[in-house]
Amino acid sequence: MNRTALLGLLLAGWLSGCASNVTLDPPTIPNPLLKQIPMSIGLRMPENFQNFVHQELVYGREEWSIDLGRSNAALFEQLFAHMFAGVTVLGPEDDPQLLPLDALIETSIDAFEFSTPGQSNTEAFAVWIRYRLKVYNREGELVSNWPVSAYGKSQSTTLGGSAALQRAAILAMRDAAALMIMKFDNVTQISSLAGQSATEPTPAVIPEEAESGDSGVQATALEGSADETS
Amino acid sequence: MLLTTMVSTACVTSTVQDTRTGVTGIGEGESIVIMAKSYHLGNETEMKYIRCIEKNLSKGKNALNVLPHDQFIDSLFPWFEPRTAPAETKNLAKLMDRPGVADRIAEQGVRYIIWLDGDTEKVAGGGSLSCAAGPGGGGCFGFAWWQNDADYNASVWDLQGLESAGTVSADVSGTSFMPALVIPLPFIARTQSKACKTLADQLHSFIVQDETA
């Protein structure tokens, strides 16, 4: 092997060492201790939500590619199956008006951010995820638009970088699940929509402005408080 | 009761202290859980340290029944997540009223929750050590030192009375050295390990109320 080829090989090795790929396995949410809401909901998740990939160049350091895969979808399917008496996962072609549902929930990701130990000057990876939940009533009207901010942190010393980042993402998802279990009904008043599925399906269309996320209906909840049992 | 013990070894100094606010004791079939205070509160307690405390309390002839914290957190999901875990004992009564919580805790026989906070930090260092390698070999020359402080606090919550039983704290300082004359010779102060052993021993005495400790 000549000298140029050897240098090229070393350079390629060095460059590949600057890219980190993390792939998340779908999380398993433990059976929560909660009072189930007696209603049937439809769950609609956009394509990019079900195959979410976050890519970021940490300036001057390395490139990260974080593939959440089906993690988000798995989280919401499991969580809502615990929270509601009935859950129907809708495909892109399904019309919720034709199904016996009390409400429709649409999920999306507003933002995904992370920090590495080098950035935070700690030994921990941190992940922030901001989900958005839109709740529609039987008539297709947007009744709540709730941004859910979640945070997870995991130390890199025991797990190594990739595993620690995965753990931080899983913790952020669990954080989101905890927040939704605590606040979902208080914030969105979704239980007030129960019983609507008993009526005959009526044709209705989700308003375009609601789908675009520009609706004025905005729900907020106290987030980030460490002790919400009080 | 205030107990202060100063232990000095070649490079490690430790102080352990407890403050009791209630009568303790643990019966057959009762267990304890070691938890880290929430990182939402800025706590940085290392997972390695929590596992070390769990291991130390659950071994030996007077071992306590320690429930792994992951198992406890999952069994009570979502009420002991970093966002939702109670920060004060006054929140315990409301927590116990939530569906299934009191039953799940009783099933597992959990009598005490021990909340850890604190961490191990490098607080000082100095010296100079350099290494070089060439075709004929390599070596290091110089002297380096650093000091780590391990400062941990444990709050003991009694789930029988839904009240605090007291606190135990350990403060350990250790200085490590590394002289090098061709070959570096590390003299590492095992600061965090010492803090783990010290705190675990004192916690054991605190819970079983061993007055001789």
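Modeller: Two residues are in contact if their C-beta atoms, placed from the backbone, lie within 7 Å. The model is predicted, and local features need pLDDT of at least 70, while side-chain atom pairs count only at pLDDT 80 or more; totals for chains, interfaces and linings use all residues. Residues are numbered from 1 along each chain as its sequence is written, and chains are lettered from A and ligands numbered from 1 in the order in which they are written.

In chain A, 73% of the contacts with a separation of 6 or more join residues 24 or more positions apart. Seven helices and eight strands make up the secondary structure of chain A; helices (H or I, at least four residues) and strands (E, at least two) are DSSP runs, numbered from the N terminus.

Two strands pair if DSSP finds at least two bridges between them. One of the bridge partners is A:I129 in β7(A), which faces A:F112.

Other pairings in chain A involve β4 (residues 62-69). Strand β1 (residues 19-23) of chain A pairs with β4(A) in the parallel sense over five bridges, with A:W64 as the bridge partner of A:S20. Strand β3 (residues 52-58) of chain A pairs with β4(A) in the antiparallel sense over seven bridges, and there A:G69 is the bridge partner of A:F52.

Of the 230 residues of chain A, 35% count as buried; a residue is buried if 20 or more other C-beta atoms lie within 10 Å of its own, exposed if 12 or fewer, and partly exposed in between, with C-beta atoms placed from the backbone. A nonpolar core is a set of buried Ala, Val, Leu, Ile, Met, Phe, Trp, Tyr and Cys residues joined through C-beta atoms within 7 Å. The largest such core has 53 residues, and among the members that touch the most others are A:I41, A:A103 and A:A172. At least two residues of this core come from each of β2, β4, α3 (71-83), β5, β6, β7, β8 and α6 of chain A. The greatest contribution, 16 residues, is that of α6(A). Beyond its neighbours within four places in sequence, A:I41 contacts residues including A:F80, A:F84, A:V87 and A:L101. A second, separate core of 43 residues includes B:I32, B:I114, B:W157 and B:A200.

Where chains A and B meet, chain B puts 26 residues into the contact and chain A 22 residues. On the chain B side, α1, α3 (92-96) and α4 (101-107) of chain B are the elements that give two or more residues.
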